[in-house]
Amino acid sequence: RNYPPPFVWWERANYRRTSHALAGNQDAAAVLRSKGYHGPLTVLPQFGVDPAIFVPASASRAAGAPLRIGYAGGLLPEKGLDLLLQACAGLQGAWQLTLVGEGESRAGLVALAAKLGVADRVRFDSRLESHAMPVFYQNLDVFVLPSRTLATWKEQFGRVLIEAMSCAVAVVGSDSGEIPNVIGDAGLLFAEGNVELLRGHLQRLLDDLGLGANLGQAGRARVLAHYTMQQIAAQTVDVYHALKESHLNHAPSIGASHFEK
């Protein structure tokens, strides 16, 4: 968002006086730079997960069992759930899809599932309370976030991704916004809007039990390394320590005679 004078002048003045910037994602960092902030900057998510609460399920998918696919969040156009339904409809083999959440697209998605002939494999549930989310993830084999970028929106992080990854659930995401940076090499990515690529990823997970298990373990490890509340807190404290050291190193020196006086 670009502000007219005098607001843009105040914005730039604040940037000049800022000692360090915390950006919630790579896009936010790019915005700060494009707006004229040239100081130290750290990209740091603004929240993490508790890996003692979001834990893996005790049992994994058995050979021949349906692939349990899930999504949680807003049932909105930008979330790309129509693409997910189309991708699932073309899968070869047994699968079931659970969509959890509320939003303006719900009725249209229900109608699309019926049109595609997969209504009996698709379950729509209302939004769950946060304490119920771990159990939801633990009953999935793969979590999908198929977001699509719009003129005024792109995925800013995707907290549901790190929650699912913490539960050792394989994740599949589009390349909208921050999703690729969150998933890294611990999941599967597809070009947003590309139904065929999304279907291909899901088919691989349906056919290969080992792939899903390996991605789940990689996701859990990635969360433990980068996205726990403890990790986020520690990284935030590191920034403040660096700030303190920087100010101490640049503070005017005071001679001994000053203290003698």
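Select Asp208 and Gly210. Asp208 caps the N-terminal end of α9, with a side-chain oxygen 3.0 Å from the backbone nitrogen of Gly210; a polar contact is a pair of N or O atoms within 3.5 Å, where within protein one must be able to donate a hydrogen and the other to accept it, and residues adjacent in sequence count only if both atoms are side-chain atoms. The model is a predicted one, in which local features need pLDDT of at least 70 and side-chain atom pairs count only at pLDDT 80 or more, while totals for chains, interfaces and linings use all residues. Residues are numbered from 1 along each chain as its sequence is written, and side-chain values use heavy atoms, with hydrogens and water left out.

Next, select residues 209-226, helix α9. Helices (H or I, at least four residues) and strands (E, at least two) are DSSP runs numbered from the N terminus. The 18 residues of α9 should span 26 Å at 1.5 Å a residue, and the end C-alpha atoms are 26 Å apart, which agrees; the expected span is 1.5 Å times one less than the number of residues.

Within α9, colour Leu211, Gly212, Leu215, Gly216, Gly219, Arg220, Arg222 and Val223, which are buried (under 20% relative accessible area; exposed is over 50%, partly exposed in between; 1.4 Å probe, protein chains only). They cover an arc of only 165° around the axis, which puts them on the same side of α9; the arc is that of the directions from the helix axis to the C-beta atoms. Asn214 and Gln217 are exposed, on the face turned away from the buried side. The buried residues pack against α6, β7, α7, β8 and α8 (contact means heavy atoms within 4.5 Å).

Move to His201 in helix α8. At 12% relative accessibility, His201 counts as buried. Beyond its neighbours within four places in sequence, His201 is in contact with Val172, Leu188, Leu189 and Phe190.

Finally, show the sheet. Six strands form an open, parallel sheet in the order β5-β4-β3-β6-β7-β8 (two strands pair if DSSP finds at least two bridges between them). β5 and β8 stand at the edges with a single partner strand each, so one side of each is left without a neighbour in the sheet. For a close-up, select β3 (residues 67-72) and β4 (residues 95-100), parallel strands joined by six bridges. Arg68 stands opposite Gln96 in β4.
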